Amino acid sequence: MSDTRPSWGGRLAAGWGRLEPTITRLFLFAVFVVGLVAQFVKPVGDALADKVYLGGSLVTVVGYVLYAEVQRLNGRLDSEMQRLNSGRVVTPRELESEFQEALEGRDVRLAAMGFTGETLAAPVKNFLQDLSENKQRKVSIRVLVPDFTRQIEVPGLVGADCKVSDSPEFRAELRGQIAAYERSLKEQKGRMAVANRGTLTVEFRVLHMSPSLKLYFINDRVYEGIYDKIDLRPEPWTTGTPAQPVSDPADGRLLDLIGYDSLLTRWSPDGGAHDRMMIRRRQELFETLWNAAREPAPAPRLPAQPDAS
C-alpha cells in the first residue's frame, strides 16, 4: 500500500498557511505599538526620526500584506462564482429567452438534438420574425432528430403483454411533424432577406436512434436534458370500428416520451474548467452524430383515422 501521508514540503506549506494570519497580525500590531511609543517617548521618537527608509519599508510590507489578502479574496470570489455558474439549471422558458437574446447578435449558431425539433423550431420561428434590421446578421440552425423511417420500439405501441413494438402509423405522424417544423423555419429565409434582417441557413438531419437526450447549442453554450416523462394513451389507428372492435383496450396504447417542460443543465465557457470540458464533450458528441446522419426523406401522407361514427 502506498504512503498517502503529505510530504514534508506539503506539511510545511500547510503549517505556514495556518500561522501566516497570526504572524501578520502580530507584526502589524508591533508596528502600531512602536509608532505609538514614539509619539510619547522622546528618545524613541528621536531614534526613529531619521529612519525614513525603515518607515518606507514598513509601509511597503503593509501594502504587500494588504495586496496579498485582496488577491486571496478575489481568488475565493472567482472560485465561488465559477461554482455557482457551473452546471446551472434552467427552465425551457429561460432557454427560449436565451434563444431570443442570441438571435439579436451578428453571427448566431443554433443547434439541437431532440424528438421532433419542436422546442427549437416553434419559438425560434417567432423570434426570427421579430428581429431588428441587420443585413450583416448570419443565423445558422441545425437540428438532429431520430430517423422515423425505420422501425423503433420507443416511442411505440404497448401490447396486452406490456411489451413494446413498432408503430408505423405513429412514426408517419412524427415524420409529418418534423417536416412541418423544418418547413416553418426554412420559410423564414426569404422573409428575413426581404426585411433586411440578415441571412438564414436551416438544415435538418436524421439518425436511427431513440429520442432520450435533449441537447441545445447557442453559440458556445450547451443545454442538456432528458425526456423524463412517459405518456400512455390509446392509439387512434387501432381503436377499431363497429364491424371490427378491439377486444382489449390495452392492445392499442401508445408509449410516448414527454420532455417539453423538463429542466436543462446549462454549460457556459465562463463557468470554469469543468463547464468547458462538458461543452467540448457535448460538441464532439453532436458533431459525430451529425456527420453520421443524413437528410430526412420526404414525409408520407398520414393515414386516415378510423371513423368513430
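Predicted model: local features only at pLDDT ≥ 70, side-chain atom pairs only at ≥ 80, totals over all residues.
The protein contains seven helices and 11 strands. Of its 309 residues, 32% are buried. Among contacts with a separation of 6 or more, 76% join residues 24 or more positions apart.

Two packed helices are described by the angle between their axes and the distance between the axes. Helix α4 spans residues 92-103, and helix α5 spans residues 118-129. Their axes come within 10 Å and cross at roughly 40 degrees. That angle makes α4 oblique to α5, because angles under 35 degrees count as roughly parallel and 65 to 115 as roughly perpendicular. The crossing of α4 past α5 is right-handed. From α4, the contact draws on E96, F99, Q100 and L103. From α5, it draws on T119, L120, P123, V124, F127 and L128. By class, the residues of this α4 contact with α5 are seven nonpolar, two polar and one charged.

Helix α5 also packs on α6. Here the axes lie 9 Å apart, at an angle of about 20 degrees. The two helices, α5 and α6, are therefore roughly parallel. The crossing of α5 past α6 is left-handed. On the α5 side, the contact is made by E118, L120, A121, V124, K125, L128 and Q129. On the α6 side, Y181, S184, L185, Q188, R191 and M192 take part. The residues of this α5 contact with α6 comprise seven nonpolar, three polar and three charged.

In soluble globular proteins, nonpolar side chains tend to be buried together. In this model, the largest nonpolar core has 41 residues. The residues with the most contacts inside this core are F99, L103, V124, L128, I141 and L185. At least two core residues come from each of the helices α4, α5 and α6 (168-194). The strands β2 (107-113), β3 (138-146), β6 (199-207), β7 (213-218) and β10 (253-258) each supply at least two as well. Helix α6 gives the largest share of this core, six residues.

With residues up to four places away in sequence left out, L103 touches V108, L110, V124, F127, L128, L131, R137 and V139. Of these partners, V124, F127 and L128 belong to the α5 side of the contact with α4. V124 and L128 also take part in the contact of α5 with α6.

Technical notes
Residues numbered from 1 in each chain as written. Heavy atoms only, no water. Axes fitted to C-alpha atoms, helices over the stretch in contact; angles between N-to-C directions. Helix = DSSP H or I, 4+ residues; strand = E, 2+ residues; numbered from the N terminus. Parallel < 35°, antiparallel > 145°, perpendicular 65-115°, else oblique. Left-handed = near helix turned anticlockwise from the far one by under 90°. Contact = heavy atoms within 4.5 Å. Nonpolar A, V, L, I, M, F, W, Y, C, P; charged D, E, K, R; others polar. Core = buried A, V, L, I, M, F, W, Y, C linked by side-chain atoms within 4.5 Å. Buried < 20%, exposed > 50% of the residue type's maximum accessible area, 1.4 Å probe, protein only.
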